[in-house]
Amino acid sequence: MKHYIGASNPMHAQFEPKAAYAAQHFAWTFADGVGTITLNRPERKNPLTFDSYAELRDLFRALQYATDVKAIVITGAGGNFCSGGDVHEIIGPLTQMRMPALLEFTRMTGDLIKTMRQCPQPIVGAIDGICAGAGAMIALACDLRYGTPATRTAFLFTRVGLAGADMGACALLPRMIGQGRASELLFTGRAMTATEGHAWGFFNALHESDALLAAATAVARDLADGPTFAHGMTKTMLSQEWSMTIEQAIEAEAQAQAICMQTEDFKRAYEAFAAKRKPVFGGD
């Protein structure tokens, strides 16, 4: 797992900034260390296409090496998050493909989730309205999720004759809300209400629609102002420790924390505490 490269690192010049990234299949903005991805096909509830899947995958892969983007917000335009794969531009063509091409597609969609989990920056989802299929998986792959009372999250793969096992759903969703609840949603494809999602731990909080993006961005900005190397380490350990025993996890965390104790940010925090001021972290 790559971590944020601070300005004092001699390899800094070899890592590419992403602030000026020009997205083609969604909107991208950048301010105060926070990159915001907006799925922006509101007339269709922001469905994904072959192109947007691939561009999202490539962007999150590139963010592993970004020096300026310290946190990410992902949201949707027009009061909805994402309705999943576009019925006409993806579902229809898939019915005409043979196995090799189908496997290329399913691996590409899975790679999007992998790259979201592998990029060191915390990802904050601002999720309003419809959040379905692949959109629900993108939301699930975020590190933090904020919804609205109107949010409806559906892993509706069985509704189109497919298994609930898609893009890592059978691994990630039970970890988030428990095996029994995940089994119900993945077998039935029914929508999880916002109230259920909040009670079950899928959503960190609910906000009214007009306050959602600002609330999610404020969280992301706080994270961007924090010790970004340490945030990357936290994200790494949260992912890796699922496959460890308790003893292995404790040892891995001992090593991770010792590494973080070597950072300048650790020293900055101590010096700020001693001087009774707020620390200014540099990510190194």
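Student: In which sense do β1 and β2 pair, and over how many bridges?

Tutor: This is a predicted model, where local features need pLDDT of at least 70, side-chain atom pairs count only at pLDDT 80 or more, and totals for chains, interfaces and linings use all residues. Residues are numbered from 1 along each chain as its sequence is written, and side-chain values use heavy atoms, with hydrogens and water left out. Strands (E, at least two residues) and helices (H or I, at least four) are DSSP runs numbered from the N terminus, and two strands pair if DSSP finds at least two bridges between them. For β1 and β2, the sense is antiparallel, over 5 bridges.

Student: Which residue takes a positive phi in the hairpin of β1 and β2?

Tutor: Start with the pairing itself, where Thr29 stands opposite Thr36 in β2. The hairpin leaves 2 residues between its strands, and the one with a positive phi, near 55°, is Asp32.

Student: Which are the edge strands of the open sheet?

Tutor: The sheet has 6 strands with mixed pairing, in the order β1-β2-β3-β4-β6-β9. An edge strand pairs on one side only, and that picks out β1 (27-31) and β9 (205-206).

Student: Which residue of β9 is the bridge partner of Tyr146?

Tutor: Look at β6 (residues 144-147), which pairs with β9 in the parallel sense over 2 bridges. Follow Tyr146 across to β9 and you land on Ala205.

Student: At about what angle does helix α1 run to β2?

Tutor: Axes are lines fitted to C-alpha atoms, for helices over the stretch in contact, and angles run from 0 to 180 degrees between N-to-C directions. Helix α1 (residues 50-63) lies across β1, β2, β3 and β4. Its angle to β2 is about 175°.

Student: How far apart are the end C-alpha atoms of helix α8?

Tutor: The expected span is 1.5 Å times one less than the number of residues. Helix α8 (residues 209-224) has 16 residues, so 22 Å is what you'd expect. The model agrees with that, its end C-alpha atoms being apart by 23 Å.

Student: What covers the buried residues of α8?

Tutor: Buried means under 20% relative accessible area, exposed over 50%, and partly exposed in between (1.4 Å probe, protein chains only). Residues of α8 that are buried include Leu212, Ala215 and Leu223. Contact means heavy atoms within 4.5 Å, and the cover includes β2, β3, β4, β6 and α9 (228-240).

Student: With which residue does Arg41 form a salt bridge?

Tutor: A salt bridge is a side-chain nitrogen of Lys or Arg within 4 Å of a carboxyl oxygen of Asp or Glu, and the whole structure has 14 of them. For Arg41, the closest N and O atoms are 2.8 Å apart, and the partner is Glu89. The pair links distant parts of the chain, 48 residues apart: Arg41 sits in the loop between β2 and α1, while helix α2 (residues 87-94) holds Glu89.

Student: Is Asp86 buried or exposed?

Tutor: Asp86 meets Arg44 in a salt bridge, 2.7 Å from N to O. Arg44 lies in the loop between β2 and α1 and Asp86 in the loop between β3 and α2, so the pair ties together parts 42 residues apart in sequence. Arg44 has 33% relative accessibility, so it counts as partly exposed. With a relative accessible area of 1%, Asp86 is buried.

Student: How does Asp58 count at 36% relative accessibility?

Tutor: Asp58 forms a salt bridge with Arg57, at 2.9 Å between the closest N and O atoms. Arg57 has a relative accessible area of 18%, so it is buried. Asp58, on the other hand, counts as partly exposed.
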